[in-house]
Amino acid sequence: MKETSHPFSTLTPNFIMDAVESQGFRCDCRTSALNSYENRVYQVGIEEEKPLIAKFYRPGRWSDEQIREEHQFCLELAGHELSVVAPWVNPAGETLFHFDGFRFALYPRQGGHAPEFDNDENLVILGRMLGRIHSIGAIRPFKVRPTLESRSFGHDSVALIKERFIPEEYRASYTAVTDQLLSAIDAAFANAQGVTQIRAHGDCHAGNILWRDGAPHFVDFDDARMAPAVQDLWMMLSGERSRQLVQLEQLVKGYTEFRDFHPGELRLVEPLRALRMLHYSAWLARRWEDPTFPITFPWFNTVRYWGEHILQLREQLSALDEPPLELP
């Protein structure tokens, strides 16, 4: 497919600057693309001011109401002096703007580097930050943004892969392992008594946290949704079980300074990891007509990829049979 056939091909430097200038800024003709695949994000130079970050939303993914609800959550957090990168608000109180068929938002530039999840002191600080974020996130629910659940993330993802992508020689193996995985995931969520859904970041990996001056700055709430609190903690855990237990202890140590943590949520760590694995493959599949994806992920949808993916799913199925992590 030619790149000119995709809507994002419209986002030339001139188009980007025209969009930003529609909000009263004067660009200095410097634009640079930042790493982003779901949306398109650019740093834009502004005359006699600091550069801005312009985020152009993927058409059709979110409604205007869902985007505004994400923005309001960020602004609510920022209003409580939490270090999140919230959208710029124009004099009319608007954060979401329309320009020639695109929706976009503007953000201040935030420098920093990925946090060190192997640093115990950093983990305590991250836990404190998440405890504060979740304390505010638990005040009220999202009204229009979705909930993290197994139907859309798991069952729908598997259905898409089976319908259009899985090679015939792997169909039986893929069907067998995903049937078992989905059954185990559904059972885990059904048995997660006492776990509540709150407004959460939803995608707390290292790339969405910028560390600077000894503090974390949370960015990109594009995947914000109702979810268990542990959804924002488990992606910070890595390595062998013994190391994960140490990391978890430090995170929760900081977290509980501001909010109680329900130990029963730890039963959802591996089910949530499994859902992310299933959803990630389906995300690549759904975006395959975007020319950026075949260029960036050339290994996807090859016979080798599906063989390795099925092996990973089998390993994850075994992980679901292991005892959940426990706090000391």
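This is a predicted model: local features need pLDDT of at least 70, side-chain atom pairs count only at pLDDT 80 or more; totals for chains, interfaces and linings use all residues.
With strand 3 (residues 49-56), strand 5 forms an antiparallel arrangement over 5 bridges, in which Ala54 lies opposite Leu106 of strand 5. Strand 4 (residues 97-99) is likewise antiparallel to strand 5, over 3 bridges, and Phe97 stands opposite Phe104. The hairpin of strand 4 and strand 5 has 2 residues between the strands, and Asp100 adopts a positive phi near 50° there.

Helix 6 spans residues 241-255, 15 residues in total. The distance from its first C-alpha to its last is 20 Å, close to the 21 Å expected at 1.5 Å a residue. Buried positions in helix 6 include Gln244, Gln247, Leu248 and Leu251, as well as Gly254 and Tyr255. An α-helix has 3.6 residues a turn, so residues three or four places apart point the same way. The cover over the buried residues of helix 6 includes helix 3 (120-137) and helix 7 (269-286).

The largest nonpolar core contains 73 residues, and Leu126, Ile133 and Phe218 have the most contacts inside it. Helix 7 supplies the largest share of this core, with 10 residues. Leaving aside neighbours within four places in sequence, Leu126 is in contact with Pro115, Phe117, Ile209, Trp211, Pro216, Phe218, Met236 and Leu251. Leu251 is also among the buried residues of helix 6. A second, separate core of 19 residues includes Phe8, Val20, Phe25 and Ile46.

Conventions:
Residues are numbered from 1 along each chain as its sequence is written. Side-chain values use heavy atoms; hydrogens and water are left out. Two strands pair if DSSP finds at least two bridges between them. Helices (H or I, at least four residues) and strands (E, at least two) are DSSP runs, numbered from the N terminus. The expected span of a helix is 1.5 Å times one less than its number of residues. Buried means under 20% relative accessible area, exposed over 50%, partly exposed in between (1.4 Å probe, protein chains only). Contact means heavy atoms within 4.5 Å. A nonpolar core is a set of buried Ala, Val, Leu, Ile, Met, Phe, Trp, Tyr and Cys residues joined through side-chain atoms within 4.5 Å.
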